[in-house]
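Here are my notes on this entry. Please read them with the model open.

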Amino acid sequence: MSDYIIWGSYPGQNYITFDGITLFSSWGINQEFGRVNPALVKNVEVYKGGYQVPYGDRIGGVVMMEGREGNRQRQEADLQLTNQMASGYVNVPLFQQKASLQLAARSTFAQTWQPFSDLQNTQVGDVFTKSNYRDVNVKLSADLSPRDRLVFSFLGSGDFYAATFDRRRRDTNSDNSVQLVTSSQVGSSLRYTRTWGKGGLTQVLASQSRYLPTRTLSAFFLEGEMRADRFQTQWSNTIDEQRVSVTHTLPSRGGHQLSAEVGFIGQASKVDTETPGRVRERPDQFEGRVSGYLLDAIQIMPGWSLDLGLKADVVPRRDTVFLQPRLTTTYSLSDQWRFNAAWGYYNQFLALTPYTDAVGNQTEVWRVADGAPIQPQFAEHRVVGVSWYAPALQVTVEGFHKRFSSLGQFQERNSDRPEFAPGRGRAR
């Protein structure tokens with residue numbers, strides 16, 4: 001599992017999105033290709049820590065990617081070929097130039113690698129690897145009226161990596177082992193935006209995302225044409241997420257700009273493992289919660305702003321409310337110097353947890369923090385910084401302190417259930 005490291009965050013603690021679609025994996029298996037086609041990316045926002053309530057659903061950093069709007073005046077097409085990949089992009093104006101449809105796709109050529117042979121004088125071995133990556137992106141942007149916009153975005157990607165080791169003796173017998181790793185990331189979002197006459201803004205967003213990695217390792221013995229399995233282990237981790245939210249921002253008045261959001265988030269996870277001597281299929285874990293926030297952006301005086309935010313997550317199944325107050329401020333000491341500070345609480349209800357199986361294989365699995373035994377992760381952020389501006393130059397120095405709790409890891413031992421060890425963390 002590849003992940004960004006943002007100010008000491010642990011794997012799975014950074015919230016990564018594209019057009020409101022949650023990405024549980026931002027890279028392919030070989031970490032050579034990002035799961036978002038760069039032909040569709042318009043801009044990227046990164047929040048390292050101490051960010052306000054509208055951003056993120058994790059306790060680490062935030063990476064928000066926004067797709068291009070598309071050209072509504074004329075058609076566009078692009079085709080690129082390299083020795084690794086073929087990629088294409090098409091833009092089509094629709095509905096009398098009131099909308100645009102963008103299509104983008106990539107596919108690698110099958111990569112095969114044979115690194116060595118001639119292990120010893122008494123035996124010969126060959127190693128073959130094969131990998132492939134493919135993705136597709138679709139985006140429709142339309143103006144329903146001068147004040148109403150609708151945007152639909154879809155992305156899907158899949159890849160696999162296979163490695164085969166074939167050790168042949170001088171007779172007709174041989175030992176073989178095969179490892180197959182696959183992953184798929186699929187998601188979509190629908191966003192409706194309404195601009196009101198007096199400057200207010202309302203946004204309705206619905207999104208879904210699904211990520212499924214799998215791994216199979218098998219070893220078998222061939223005697224002539226007869227095959228006997230010696231060992232096989234299989235593992236998969238399914239994670240699903242659905243979101244719907246309504247956000248409204250009031251026009252600025254009296255130095256205050258108020259915004260509020262309310263929505264529902266449903267998350268489900270499942271881990272299936274099959275190892276020698278045991279087969280375990282864990283039931284789906286699902287947790288739904290109501291999430292919302294209030295934010296007041298205050299302009300205290302020219303050059304001094306203060307943002308007060310409060311986020312709340314309500315878990316009906318547990319009858320529990322998680323409150324997350326946050327504060328950020330910026331003060332301009334002069335035209336060249338600016339001071340900033342931030343403090344806040346953050347909760348995360350979906351964790352990427354280290355997992356060690358019965359035969360020592362180590363991996364990381366997405367698990368819903370349903371309280372049995374994984375609790376929602378918690379973090380406190382403290383940030384302070386100062387910036388100096390000059391023509392064509394900016395210098396910033398920031399210090400941060402983050403403390404994490406409700407971390408943990410799983411380990412399978414001789415018991416029927418894996419053991420969970422809780423832990424805490426700190427970054428500064």
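1. Four strands each give at least two residues to the nonpolar patch: β16 (285-301), β19 (337-348), β22 (377-390) and β23 (393-411). The largest share, three residues, comes from β23. Strands here are DSSP E runs of at least two residues, numbered from the N terminus.

2. This is a predicted model; local features need pLDDT of at least 70, side-chain atom pairs count only at pLDDT 80 or more, and totals for chains, interfaces and linings use all residues. Residues are numbered from 1 along each chain as its sequence is written, and side-chain values use heavy atoms, without hydrogens or water.

3. The patch covers about 1,000 Å². Its members include Trp304, Trp337, Phe339 and Val397. Patch residues have over 30% relative accessible area and no salt bridge, and nonpolar side chains (Val, Leu, Ile, Met, Phe, Trp, Tyr) are joined within 5 Å. A salt bridge puts a side-chain nitrogen of Lys or Arg within 4 Å of a carboxyl oxygen of Asp or Glu. Areas come from the Shrake-Rupley method with a 1.4 Å probe.

4. Phe339 lies in β19. Phe339 counts as partly exposed because its relative accessibility is 33%; buried means under 20%, exposed over 50%, and partly exposed in between.

5. Check Ala392, in the loop between β22 and β23. Its phi is positive, about 65°, although Ala392 is not a glycine. At 89% relative accessibility, Ala392 is exposed.

6. Ser406 sits within strand β23. Ser406 also has a positive phi, near 65°, and is not a glycine. Its relative accessible area is 27%, so Ser406 is partly exposed.

How values were computed: Patch = residues over 30% accessible without salt bridge, like charges linked within 9 Å, V, L, I, M, F, W, Y side chains within 5 Å. Buried < 20%, exposed > 50% of the residue type's maximum accessible area, 1.4 Å probe, protein only.
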